[in-house]
Amino acid sequence: MKYKKAQDVLPKDILELIQEYMDGGYLYIPRKFENKRSWGESSGSKFEIRERNIEIYNKYKEGISVKQLAKEYYLSQSSIRRIICQHNI
């Protein structure tokens, strides 16, 4: 997220009203509810992790051990087991 100067974005009267509550400092303005995105949606991370997890599950089904998968994907064995359980439903 990139910071913007309030005086460059807001009308003067609104800026003065905000300054009555907060004179200086940083103020976070949240996104509108209808514009919110879930984690990883913008960067594509969510999709990449989902694909990785499917790959892990398929390799496990082919007979690769939890220990080997943990080593290959740099994850803990408990994380590998969790991924397998999620896809085994």
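My entries follow, beginning with the ground rules.

**Ground rules.** I am working from a predicted model, where local features need pLDDT of at least 70, side-chain atom pairs count only at pLDDT 80 or more, and totals for chains, interfaces and linings use all residues. Residues are numbered from 1 along each chain as its sequence is written, and side-chain values use heavy atoms, with hydrogens and water left out.

**Entry 1: helix α5.** I began with α5, residues 77–87; helices here are DSSP runs (H or I, at least four residues), numbered from the N terminus. Which of its residues are buried? I found Ser-79, Ile-80, Ile-83 and Ile-84, where buried means under 20% relative accessible area, exposed over 50% and partly exposed in between (1.4 Å probe, protein chains only). These residues sit on the same side of α5 because they cover an arc of only 135° around the axis, the arc being that of the directions from the helix axis to the C-beta atoms. I then looked for what covers them, and that includes α3 (45–61) and α4 (66–73).

**Entry 2: α3 against α5.** I noted that the two axes come within 9 Å and cross at roughly 90°. Axes are lines fitted to C-alpha atoms, for helices over the stretch in contact, and angles run from 0 to 180 degrees between N-to-C directions. α3 and α5 are therefore roughly perpendicular, a label for 65 to 115 degrees (under 35 is roughly parallel, over 145 roughly antiparallel, the rest oblique). From α3, the contact takes in Arg-52, Asn-53, Ile-54, Ile-56, Tyr-57 and Tyr-60, and from α5, Ile-80, Ile-83, Ile-84 and His-87; contact means heavy atoms within 4.5 Å. I sorted them into seven nonpolar, two polar and one charged. For the classes, Ala, Val, Leu, Ile, Met, Phe, Trp, Tyr, Cys and Pro count as nonpolar, Asp, Glu, Lys and Arg as charged, and the others, Gly among them, as polar.

**Entry 3: Ile-56.** I zoomed in on Ile-56 in helix α3, which is buried at a relative accessible area of 0%. Leaving aside neighbours within four places in sequence, Ile-56 touches Leu-69, Tyr-73, Leu-75, Ile-80 and Ile-83. From Ile-56 to Leu-69 I have 7.0 Å, C-alpha to C-alpha, across 13 residues of sequence.

**Entry 4: α4 against α5.** This pair packs at about 105°, with axes 8 Å apart, so α4 and α5 are also roughly perpendicular to each other. I listed Val-66, Lys-67, Leu-69 and Ala-70 on α4, and Gln-77, Ile-80, Arg-81 and Ile-84 on α5. The tally by class is five nonpolar, one polar and two charged.

**Entry 5: salt bridges.** How many does the whole structure hold? I get two, a salt bridge being a side-chain nitrogen of Lys or Arg within 4 Å of a carboxyl oxygen of Asp or Glu. Lys-59 and Glu-72 pair at 2.5 Å, N to O. Lys-59 is in α3 and Glu-72 in α4, so this bridge ties together parts 13 residues apart in sequence. Glu-72 is partly exposed, at 35%. Glu-16 and Lys-12 pair with closest N and O atoms 3.8 Å apart; both lie in α2 (residues 12–21), four residues apart, about one turn. Glu-16 is partly exposed at 40%, while Lys-12 is exposed at 63%.

**Entry 6: Tyr-74.** I flagged a positive phi, near 55°, at Tyr-74. Most residues other than glycine have a negative phi. Tyr-74 belongs to the loop between α4 and α5 and is exposed, at 75% relative accessible area.

Notes. Helices (H or I, at least four residues) and strands (E, at least two) are DSSP runs, numbered from the N terminus.
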